[in-house]
Structure formats: C-alpha cells, structure tokens
Amino acid sequence: MITFQELGLNQDLLNAITDLGFTKPSEVQEKAIPALLNEERDLVALAQTGTGKTAAFGFPMLQKIDVNSRTTQGLILSPTRELCLQITNELKLYGKYCKGLNVVAVYGGASITEQAKQIKKGAQIIVATPGRMKDMISRKLVDISKIEYSVLDEADEMLNMGFYEDITDILSYTPEDKSTWLFSATMPKEVAAIARKFMYDPIEITVGNRNESTNQVSHEYYLVNGRDRYLALKRLADANPDIFSVIFCRTKRDTQKVAEKLVEDGYSAGALHGDLSQNQRDLVMKAFRNKQIQMLVATDVAARGIDVDDITHVINYQLPDEIETYTHRSGRTGRAGKTGVSMVIVAKSEVRKIKSIERIIKKQFEKKDMPSGMEICEVQLMSLANKMHNTEINHEIDAFLDSINELFEDTSKEELIKKFFSVEFSRFYDYYKKAKDLAVTDSSEGGDRAPSNNETRYFINVGRKDGYDWMSLKDFIKEVLELGRDDVFKVDVKDSFSFFNTDKSMEKRVLDFFTDFKYNDRFVNVEITENKGGGRRDRSGRGKKRNDSKRGGRRSSDSGNRSERVGRRSGGPKSDRRRSGSGSDRPRRSRRK
Ligand code: AMP
C-alpha cells in the first residue's frame, strides 16, 4: 500500500493529513499527486466528486506555492458557490500548518468589496465561480497575471452552465506558461475541446467510475404513465419511511411545484433552485443538513456541490436532458462508505434513455414494480412497530398513567395494540385502498396510451386555423390551467377545433376554468367528449389517419373525427384557478421530524 509520504508530500501537509484521519491516498490522489509534484505539466483527470479530487490538486498546489509571498499564484474555477466554498474549506484544512497561507473564496451573492479586501491582504490561492471572477477582473479588484497553477474543477458542469466564454476570458488574463489542471466527471467533446485549447501535452488520468462509493449505489427504474409521476413519487417516499433524499426535476418551475405539493401533502420537503435568493437557499440547505427536511427537491445546477453524506435515495423525478448529468445526480448518494439507491421515474417513451445511461455508468438498472398500496401499508406499519419497539420510555408520562389506564381498563393488550396501530395504519390504508394502480406494461409501442377509464377527453374550439399545433396547444392548456407537463395528453389538433385528455380527477378543474373563458377576445369553449381518444391504431392495424386519407384524400378531416361526440357542456361556478389539482388525491400525513 502506497502512503502519502511516498507520494512526496511535505511534513506540513502530512501533519494535516494525519489530523484529518486520511489513512491512504485515493486512486486519483495516487495518480495525480506525484505527477504534479515532479513535473510542471498540464493535467486532464476524469474524476468525480467523492473521489478525493480536491486533495489531488490541492496538496500539490499547496506544496508548490510560496506562502511567504503575497502574490496570487493559484486560481481554481468551480461551477457553483457551494462547491467553491467546499473547496476553499478543504484547502484551508489541508493547509492548516502552512504558515501564512491565505485562501480566498470568490463567488456571487456575497459582498464583492469584502472579497476584494480579503484578496488584497495577499491571497496565494483564489477559489472562484467564473461569473464573479470576471466581474472582479473587470473592476480590477484582482490580479491573476502571475498565477502559476490554474484548476478547472468540474469542467463539464461549468460548460453545462454556459461558462465557456467566462472561462476563456478569465484565462486570457493569466500567463501562457502556467500549468492547467482540468478535472471533469465526464468528457463530452466540449470539455475535450477546452483541454485542446488551453493545455499543452497534458498528463491524462482516469479513475475508476468513482472509487468505493459508486459500487454502493444501486440503480432502479419505475415505469409509470407520465402524468402519474407525482403519485409515483409519493408512493416511493411512502414505501421508504426513513427516506432522506434529493429529488431531481428538470426545471425550476417543476422543482418548486413538486416541493409545494409535497409540503401540501404533509411531507417534509423543500425546494432548491436558482430562482430562490441566496438566503432562502442557505436556509433550505441548513434544514436539509439538520434532517428537518427529508426530501430536497432540486434542479441539477442548484444541487451541485451538495456535500451531505448520508443521503439514502436520489429520485429522478424526470430524467435530465443530458444523460451524462445522471452520473452527477446518482453520485449524491452512496457516499462515505454508505449504500444508496438512485431511482428513476420513467414514462414509456423514455425507457430507451435508461439503456443509454446504462452504457455510460456501465451498470445495469433494475426494473422495479411500483409498490402496491397494500405493500406500502405493510412497510409503514412495520416501520412504526419497529420504532415503537425501540423507543425509550419517557417517564414524564407516568403522571398521566392512572387516567390512561382507567380509560383502557376493559381493553386487552391485543386489542390495545390493534387500536394503537390502526391510528397510523388507517391513514395510509384509507388512501391506498382507493388509489389507482400505477403499474404500466412496456409492451405497447411508441408511448401511445391505452384508453383508460381514468381519463377524460375534451373538445376545445381552437385548432390549426388559430395557429396551434399539438405542442403549442398542449403548452397553452398547461399554462392557463397551471398544470404539469404530463397532465395534458393525447392532444389532437384539427382545423378549427381540437381534442385533448387529462386525468379524470382534473375534470372539474378544467371545465370550471373554461367556463366563460376568453382568450384574445374570443370565447374558448371546452366540453367533454365520449371518445377517449386512446391509441392511434385500431385492431386491424389501420390508423384513423389512413382511413381519413382513403375517404377524402385529406390527411385529417374535421368531419371524420366529429365522431368524438360532445357529451356534456361545462358549467358550475369558476374554481380557484390557483389551486393545485392534486386535492382529492393524496394521503395527508403527519410531518416527521
Ligand atoms: P472530493 O472528491 O474532493 O469532493 O472529496 C470527497 C471527500 O473525501 C472529502 O470530504 C475529503 O475530505 C475526503 N477525502 C479526500 N481524500 C481522502 C482520503 N485519501 N481518504 C479519506 N477521505 C478523503
């Protein structure tokens, strides 16, 4: 076994390493540290968070800089404020015996003058986010013209976040002959291009797909109808009573909405995304770290740099646009030697993405069935029984025991236990006995949904003539009704009218909303039709469109589809349009600490 001493680190660093309790170098450290200490070379390392990469560049940089000089010699660029602070703290720990060392973090959302003041005191190392760094350079608050070492940390993520221009700009203020060390979890062509542009003959290092911890993460996917995503999420949470998780959504809006719905339904959840102020984000993170929040709903960008070690589950509420991002997401769990599960809620049309992810992570997903209502009830009951069994008795209760005993005088132990557990059990049971089955088979093709009794099909009096296609009409309906992206489906646009479906539970909300609804000075009328509009193919394999074209040579005819007869006109008072549509569909649960 190779030791830190054998890597060539000096005594100050070795002392700090002893204090930190690191016993042996990680793979990336073993490969990078001697190379960087012995040569003035560029480096490209494929390594993820959790592999010990901060120390892999941090130790050599700390050893090589001159702490007696006040000149800035090292610049580390990182994608987010959280990561920037994390790296700064790590470097301070690693360099605690390097007398005179000053590492300064430079990031947005905090006082720029205060940061400039810190730098002026003589910062040998600056750890910065690209946006704030550019700002500092343009205000001449920092001088990076003499740096000898630059690090691009999580380069793929910085590029994902659109920092290419900023990075290029910043590096143009640094000397040509500095060494550049690039760390990235993935190597898309954009990162390879950066490496080519800014580096000369770099040492290349790849560390196994995360050390130790990757093997601790298992990957599962659950196939559901896209519009049942939220119900599926709740079911996954209910089936794992002690869940401590990050839930990833694709957009800030979905992130906020899912978190709000979870809170409304009694879960301890919070949102983390870029539309929140820094202060709000700090508060959410603090609550999450303290486990006051069990489910943190986050965007990919906001979740970068979360260094919470005991996350039990990562739930992909939606898959990321860039499948490479999945690696970052699943890496939030299974840290520090613990096991973790990365779950993906997928609609049929996304199953092929799972295959692509499997190729990237070089691991197989397990296709799991959504737990049934009764399974969840059982899990909840047994979890409660276990908690009860392990609970220490609080003797403050003793004073009230007489009255309680009196009340239960005629109740047997067995009956008492049954009654006690029924309190909690009934809450889940009452909900799940009515809840629909979320199971979906992946046998049918192309993501077409089978007609279902849980769907309502509507007629709407706008169509192609009004400038809509199926996507823009779907967007319009979603927007005005404030629905999620999967809540409106089977949108079929004709010349002067169209059809669409929603879940039956949303029927009232849709009809109420469109009562007397005017758009662009025109009444938009929505009515229920009898046809469910399920699937485009009939049993003989002849599609409706083909029949239409046979009849009249037109690809789609309004008259042909008028068979979707209008059933009932909308009516009743307008509902509160801001209210969430999930009202009837949730088990309320007590907040957990
Ligand atoms: P990083 O990949 O830099 O985000 O590091 C992940 C965590 O591993 C940090 O909390 C480090 O303090 C810790 N760490 C780094 N190197 C070692 C090591 N050789 N042994 C044990 N822990 C380490």
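Good morning, colleagues. Please bear in mind throughout that the structure is a predicted model.

I shall begin with the ligand. How many residues surround the ligand? The shell consists of 14 residues, and the closest are Lys-24, Gln-29, Gly-50, Gly-52 and Thr-54. The side chain of Gln-29 places an N or O atom 2.7 Å from a nitrogen atom of the ligand. At Gly-52 it is the backbone that takes part, with an N or O atom 2.7 Å from an oxygen atom of the ligand. The side chain of Glu-90 has an N or O atom 3.1 Å from an oxygen atom of the ligand. On its own, the ligand has 500 Å² of accessible area, and the protein covers 73% of that. Two or more residues of the shell come from each of helix H3, residues 53-64, and helix H4, residues 81-94.

The unreviewed UniProt entry lists residues 2-30 as "domain: DEAD-box RNA helicase Q". In the model, the chain over residues 2-30 is 48% helix and 0% strand.

I turn now to helix H6, which spans residues 130-138. Which of its residues are buried? They are Pro-130, Arg-132, Met-133, Met-136 and Ile-137. Viewed down the helix axis, these buried residues fall within an arc of 165 degrees, so they line one face of H6. What covers them includes strands S2 (74-77), S3 (103-106) and S4 (125-128). Helices H5 (112-120), H7 (155-160) and H8 (164-171) are also part of that cover. Just after H6, Lys-140 adopts a positive phi of about 55 degrees.

My last topic is Glu-148, which lies in the loop between H6 and strand S5, residues 149-152. Glu-148 and Met-61 are 87 residues apart along the chain, yet a distance of 9.4 Å separates their C-alpha atoms.

That concludes the presentation. Thank you for your attention.

Technical notes: Residues are numbered from 1 along each chain as its sequence is written. This is a predicted model: local features need pLDDT of at least 70, side-chain atom pairs count only at pLDDT 80 or more; totals for chains, interfaces and linings use all residues. Side-chain values use heavy atoms; hydrogens and water are left out. Buried means under 20% relative accessible area, exposed over 50%, partly exposed in between (1.4 Å probe, protein chains only). Helices (H or I, at least four residues) and strands (E, at least two) are DSSP runs, numbered from the N terminus. The arc is that of the directions from the helix axis to the C-beta atoms. Contact means heavy atoms within 4.5 Å. UniProt positions are given in the numbering used here, feature names are shortened, and annotations may be inferred rather than shown by experiment. A residue is near a molecule or strand if one of its heavy atoms lies within 4 Å of it. A polar contact is a pair of N or O atoms within 3.5 Å; within protein, one must be able to donate a hydrogen and the other to accept it, and residues adjacent in sequence count only if both atoms are side-chain atoms. Accessible areas come from the Shrake-Rupley method with a 1.4 Å probe; for residues, only the protein chains shown count as cover.
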